[in-house]
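Have the model open beside you as you read.

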Amino acid sequence: MSRGVLIFAFNNDKIDYLKQANWVADRVYSYMNTPVTIVTDEKSIAGRKFEHNLVLSDAISGGLRNFDHTSNDKVDQWYNANRFQAYELSPYDETIIIDSDYVVSSDQLLHLFENPHDVLCHRDVYDVTGQDRFKWYRHFGRYEMPHYWATVLFFRKGDFAKNFFDVMTMIRKNYRHYGLIHKFSTGMYRNDYVVSIALSIVYGHNLDSIPTIPWNLPSLYDDVNVEKLEHNKFMLKFEKDINGNKKPYKSLLKGSDFHCINKFALEKLVNG
Amino acid sequence: MDTENLVKTIKERFEYDASKQVLKEKYESKLLFADYGGMWKADSDLIVLLSTLSDEEVVITDSYGNPCKVNREELLEKSKQRHQEQMNAWLLEFNEVNRQR
């Protein structure tokens, strides 16, 4: 049974996602000794050579996004809407899809290949800076639909996973309709929402029965800066609000994967 | 480095509680392992349960709540070994974090 990691990476004018994905792919290979396939397009490749397996697809935009919370001039297309194609594009029987901003520093994800379920993603996230700022992401929409994270998505090819991706495709085609049902903003396409609704449907709307990745997703908010100390050791720098004053703090992250939402901090890591 | 950044760097405090919480999350996730068609967490609950039972083969629920038939002694041995390995590693890193304060 073949196993591998799949990363989607489509560049825009602000961020070189393919370069980030290639950096993450190198780390996957180092820590997990697992092959990686990157789904991208010719425009992102731009004549460059990459060592990892590349699969070409047309980038699908999920709308405009501001990529920097500190300024308004970093708005661009966000090509994040291809994930529903993963079942067809993955060359592996068992696939872990990760975002290009998921920094691998351990072999933890290998546990997913051993689990008995055919589709899994994270339900719970923890804020590595200890500020619990992801508590607002427990649910989405007016009716508090449980929010699952598409950052890491495991699937094993078979009828169940095929159904899951067919349902994702259907939701993508009818995104506005589902936005109206669940009362969430459809201005920007969100994989998390699509995955959450698809899981709910394939598990017969029995939300308690949805299995998830049995550990929490370590995440850094978009204002946390990251410095690499060693290959798997990072210093996090952030501010905390203490009695109305912003105070600088730092903490260590060693041998643990993390979701780095600050794209510019990640870009600095990638560029060394 | 300009003066403003220098002052900021000097004032940076080490966030001990967050680092401690990160270690807890990290090592709890490392307690997981797969066997007998199930996913197990080598924590004290599992070790105590397996130690309490006496039959050679028992049916217990895994981390997902699915019943699995297991060889009690074998699973207990694996759980104890993984538990101890990860606790030792946790202690080493915990001491490293304490030195950062």
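Contact here means heavy atoms within 4.5 Å. Please keep in mind that this is a predicted model. The tour begins with a pair of helices and then turns to the cavities.

**Helix packing in chain B**
- Ser44(B), Leu46(B), Ile47(B), Leu50(B) and Ser51(B) of α3(B) are in contact with Arg72(B), Leu75(B), Leu76(B), Ser79(B), Lys80(B) and His83(B) of α4(B).
- Sorted by class, this contact of α3(B) with α4(B) has five nonpolar, four polar and two charged residues.
- Helix α3 (residues 44-52) of chain B packs against α4(B) at an angle of about 150°, and their axes are 9 Å apart.
- With angles over 145 degrees counting as roughly antiparallel, α3(B) is therefore roughly antiparallel to α4(B).
- The crossing of α3(B) past α4(B) is left-handed.

**The largest cavity**
- There are two cavities of 30 Å³ or more, and the largest has a volume of about 130 Å³.
- Its lining has 14 residues, and those nearest the centre are Gln108(A), Pro218(A), Ser256(A), Asp257(A) and Ser29(B).
- Helix α2 (residues 16-30) of chain B gives the most to this lining, with four residues.
- The lining of the largest cavity divides into four nonpolar, six polar and four charged residues.

**The second largest cavity**
- This cavity holds about 80 Å³ of space.
- Chain A lines it with residues including Leu252(A), Leu253(A) and Lys254(A), while residues from chain B include Ser19(B), Val22(B), Glu93(B) and Val97(B).
- At least two lining residues each come from β16 (245-254) of chain A and from α2 and α4 (72-100) of chain B.
- Five nonpolar, one polar and three charged residues make up the lining of the second largest cavity.

Methods:
Residues are numbered from 1 along each chain as its sequence is written. Chains are lettered from A and ligands numbered from 1 in the order in which they are written. This is a predicted model: local features need pLDDT of at least 70, side-chain atom pairs count only at pLDDT 80 or more; totals for chains, interfaces and linings use all residues. Side-chain values use heavy atoms; hydrogens and water are left out. On a 1 Å grid over the protein atoms alone, a cavity is a set of points where a 1.4 Å probe fits but cannot get out, and a pocket is an open set with protein on both sides within 12 Å along at least five of seven lines; lining residues have an atom within 4 Å of a point. Grid points are joined across faces, edges and corners, and a volume is the space filled by probe spheres set on the points. Ala, Val, Leu, Ile, Met, Phe, Trp, Tyr, Cys and Pro count as nonpolar, Asp, Glu, Lys and Arg as charged, and the others, Gly among them, as polar. Axes are lines fitted to C-alpha atoms, for helices over the stretch in contact, and angles run from 0 to 180 degrees between N-to-C directions. Angles under 35 degrees count as roughly parallel, over 145 as roughly antiparallel, 65 to 115 as roughly perpendicular and the rest as oblique. A crossing is left-handed if the near helix is turned anticlockwise from the far one by less than a right angle, and right-handed if clockwise.
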